[in-house]
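Hello,

Here is the structure I promised to pass on to you. Please have a look at it first, and then read my notes below.

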Amino acid sequence: MSELVRFGVSLEKGLLDKFDLLIREKKYTNRSEALRDLIRQELVKKQWEEDSEVAGAITFVYDHHKRELVNRVIDIQHDFQNIIVSSQHIHLDHDNCLEIVALRGNAREVEMVADMLRSVRGVRYGTLSMSSIGRDID
Ligand code: NI
């Protein structure tokens with residue numbers, strides 16, 4: 001962590017009121033912590049846009065009775081084991097499975113794997129959580 005620097009910010013009263021309301025709703029204890037997170041959010045967004053090395057998690061739900069779908073999901077994960085760090089399978093109920101796949105790699109490639117998994121026929125819902133490997137965000 002680098003040294004702390006203080007700086008003044010001027011903004012419209014209305015905007016500051018909205019910011020304070022927002023950070024209260026999001027349970028931040030102070031403006032500095034909220035502002036840090038907003039800046040990091042933008043830095044992480046930039047890392048994804050610039051195809052930097054990122055970390056992410058793909059979460060998707062599917063019906064495991066569809067064998068063809070299950071095979072496809074497994075094939076994709078084998079094809080990209082170079083960037084898939086781990087995957088977890090959760091049996092939600094009799095029909096539904098939830099799978100969480102953690103990845104570390106270049107942003108485009110991680111997005112591609114997410115698109116491939118989400119678009120397998122029969123996958124009910126899928127999301128990509130775009131995160132960071134933790135470098136260059138503080
Ligand atoms: Ni299952």
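Along the sequence, the residues that donate to the nickel ion follow the spacing H-x1-H-x5-C. Keep in mind as you read that this is a predicted model. The three protein donors are His 89 through NE2, His 91 through ND1 and Cys 97 through SG, and they lie 2.1 to 2.4 Å from the nickel ion.

His 89, in contrast, is partly exposed, because its relative accessible area is 34%, which falls between the 20% limit for buried and the 50% limit for exposed.

Now to the domains. The domain assignment divides the protein chain into domain 1, covering 13–49, and domain 2, covering 53–132. Four residues of domain 1 and eleven residues of domain 2 take part in the contact. Taken over C-alpha atoms, the centres of the two domains are 30 Å apart.

How much area do domain 1 and domain 2 bury between them? The value is about 550 Å², with 64% of it on carbon and sulfur atoms. On the domain 1 side, Val 44, Gln 47 and Trp 48 account for 94% of the area buried against domain 2, more than any other three residues. The residues of domain 1 that touch domain 2 comprise two nonpolar, one polar and one charged.

As for specific pairs across this interface, zero salt bridges were found, but two residue pairs are in polar contact, both at pLDDT 80 or more.

Enjoy exploring the structure!

Best wishes

Methods. Residues numbered from 1 in each chain as written. Predicted model: local features only at pLDDT ≥ 70, side-chain atom pairs only at ≥ 80, totals over all residues. Heavy atoms only, no water. Donors = N, O, S within 2.8 Å, 3.2 Å for Na, K, Ca; no water. Buried < 20%, exposed > 50% of the residue type's maximum accessible area, 1.4 Å probe, protein only. Domains from an automatic or database assignment. Contact = heavy atoms within 4.5 Å. Buried area = accessible area lost by both parts, 1.4 Å probe. Salt bridge = Lys/Arg side-chain N within 4 Å of Asp/Glu carboxyl O. Polar contact = N/O pair within 3.5 Å; in protein donor to acceptor, adjacent residues only side chain to side chain. Nonpolar A, V, L, I, M, F, W, Y, C, P; charged D, E, K, R; others polar.
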